[in-house]
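Dear colleague,

Please find below the structure that I am handing over to you. My notes on what was found in it follow directly after.

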Amino acid sequence: MEAMRRWRSDWRFPTTLLCTYGFFSTIKPLEPFLIPYMTGPDMNLTIEQVNNQIFPVWTYSYMAILVPVFLLTDWLRYKPMVVFQCVSLLTTTALLFWTESVPAMQATQFFYGMVTASEVAYFSYIYSVIDLKRYRKATSYIRGIQLLGYTVGYVLGQLLVSFSLMSYNNILVFTLVLTVIALFVSLLLPMPQQSMFFHHAKTKQTTAREGTQVDVGRTEDATQHSSASDITLEELGGDGKGGTLRNTDIGQEEKEPKVEELEESAAPESCGQVLLQLWRDFLQCYSSRHLLYWSVWWAMATCGYNQTVNYVQVLWEHVQPSQNFTIYNGGVEAVSTLMSAATAYGIGFTDARWDQWGELALGGFSGLGAAALFLMTFISNIWVCYTGYVVFKCLYMLLITIAMYKIAADLSLERYALVFGANNFLALTLQTIITSVVVDSRGLGLAIIPQFTIYASYFTFIAVVFSLLSLFTIWKAQRSSRESAPPDQNDFSSKAHRF
């Protein structure tokens, strides 16, 4: 019993439970084959119904509940929203299995929008139950296990479909079982006593050796946030590697004696106070020109990326109908996920001057992504589509990793969470506008080829804007260096002899 009590009080206990939840909740073997399932004999829906009536609901749902879920996640202290996410995922899978009509599939997309919006709880939970010095390890674990879950799901789905081991309906039953396991694990998660904004914990800690007590609390001053903690991309949940964890209140990390928390939690702040502090932090963060540039790219590119990923299966089905061809959607998703992770990981070993060359990288690689989308759109070959998708996804993950690193470098955890949320909200706003105008049957209701032509042109516009911005940045940097360089006395004397 004593060993069990020590295990439950250790940081590994909530981390293990959260990783277990993340693994089982992300195994979705049917996801790469959702279009063949919905347009096949199981549901008999048309491509137009799926593309123009059903899929747009996810964007609207995500947009409508993102901000409320963001605030509720912090106010309810994470665990309830993790459970809510799993219940929503269970509802989504159940509706896919038991219903067939267009309204029912629209409800499925609505609940999946809840799942996506609640993902912030999964990544935020762990920071409220472990010490700051454990952030780096815990973050790598929960992101790594999520990547593993997606990959296992894609590979498993491809094997089950290619070898006809299970029908689509049986795959859904299998997914329901995995989701029920994830729900059970989520109920076992310890309830946090603090949160990032509404419940500021102020704990007294004592060392096992010396019995000395230290007060560790979160200050209200935004400037003290930045100086008290400096967390790089890896600790914040980004894909990049590289950077260290620094905190002025923590000494030698692993060499420190064990710290035992004695308690106490400050009273929760009012919603008005929290919103006012968030607004002040928002204005101060975006007063930085470089952060603004990177954030604009983040929002615009994430919007285009989400649209591409959401509708790429419709393009694949248009290029090569699944009834006439053995599809490899699961394998392609698995390969693209692993290669994207490897690309993002490799950024940690580069030593580029992103302050000077960052905008050029954003423009150049966005242009390559646009080229990949154009090839996918106008070359009616499924293998070109598959290859272009892998290239496009890797390029996006490469650039978003750089953007996350640049933005996170000088921000505290609280401010990074704010910027992360604001950028994604702007991306979702742009995505909602594009969906309502281009995709939705109540708007233009375009077919899939014109849609992807617009997405490719959209990334071309991003590439042109940031390429021009990079040229301006380089010119400005060179001009500043020439103006600040001291004059060469020998050059002056040589010119004087010419007169």
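This is a predicted model: local features need pLDDT of at least 70, side-chain atom pairs count only at pLDDT 80 or more; totals for chains, interfaces and linings use all residues.

Is Arg12 buried, partly exposed or exposed? Arg12 counts as partly exposed because its relative accessibility is 42%; here buried means under 20% relative accessible area, exposed means over 50%, and partly exposed lies in between (1.4 Å probe, protein chains only).

Residues are numbered from 1 along each chain as its sequence is written, and side-chain values use heavy atoms, with hydrogens and water left out.

Overall picture

The chain has 20 helices and five strands; these are DSSP runs numbered from the N terminus (helices are H or I with at least four residues, strands are E with at least two). Of the 499 residues in the chain, 49% are buried. The accessible surface of the chain is about 23,300 Å², and carbon and sulfur atoms hold 63% of that surface. Such areas come from the Shrake-Rupley method with a 1.4 Å probe, and for residues only the protein chains shown count as cover. Among contacts with a separation of 6 or more, 81% join residues 24 or more positions apart, where contact means heavy atoms within 4.5 Å.

Confidence

The mean pLDDT of the chain is 81, and 81% of its residues reach 70 or more. For reference, pLDDT is the predictor's confidence in each residue, from 0 to 100.

Salt bridges

Side chains of opposite charge can pair when their charged atoms come close. A salt bridge is a side-chain nitrogen of Lys or Arg within 4 Å of a carboxyl oxygen of Asp or Glu, and a search of the whole structure finds three. In one of them, Arg12 meets Asp10 at 2.9 Å, N to O. Asp10 is partly exposed, with a relative accessible area of 23%.

Lys393 forms a salt bridge with Glu333, and the closest N and O atoms are 3.5 Å apart. This pair links distant parts of the chain, since Lys393 is in helix 17 (residues 382-408) and Glu333 is in helix 15 (residues 329-347), 60 residues apart. Both Lys393 and Glu333 are buried.

Arg442 pairs with Asp440 in a salt bridge whose closest N and O atoms are 3.0 Å apart. Arg442 is exposed, with a relative accessible area of 71%, whereas Asp440 counts as buried at 4% relative accessibility.

How far apart are the end C-alpha atoms of helix 10? They are 31 Å apart, which agrees with the 30 Å that its 21 residues should span at 1.5 Å a residue; the expected span is 1.5 Å times one less than the number of residues. The buried residues of helix 10 include Tyr168, Ile171, Leu172 and Ser186. Their cover includes helix 2 (12-26), helix 3 (34-39), helix 6 (79-98) and helix 9.

Met166 lies in the loop between helix 9 (135-162) and helix 10 (168-188). Met166 counts as partly exposed, at 32% relative accessibility. Together with Val155, Leu159, Phe163 and Leu165, Met166 makes a nonpolar surface patch of about 480 Å². Patches are made of residues with over 30% relative accessible area and no salt bridge; like charges are joined within 9 Å, and nonpolar side chains (Val, Leu, Ile, Met, Phe, Trp, Tyr) within 5 Å.

Ser164 is found in the loop between helix 9 and helix 10, and is exposed with a relative accessible area of 62%. Most residues other than glycine have a negative phi. Ser164 has a positive phi of about 50° although it is not a glycine.

Thr377 belongs to helix 16 (residues 354-378) and is buried, with a relative accessible area of 5%. Beyond its neighbours within four places in sequence, Thr377 is in contact with Ile449, Phe452 and Thr453. Thr460 is in helix 19 (residues 448-484). The C-alpha atoms of Thr460 and Phe374 are separated by 9.9 Å, although these residues are 86 residues apart along the chain.

Yours sincerely
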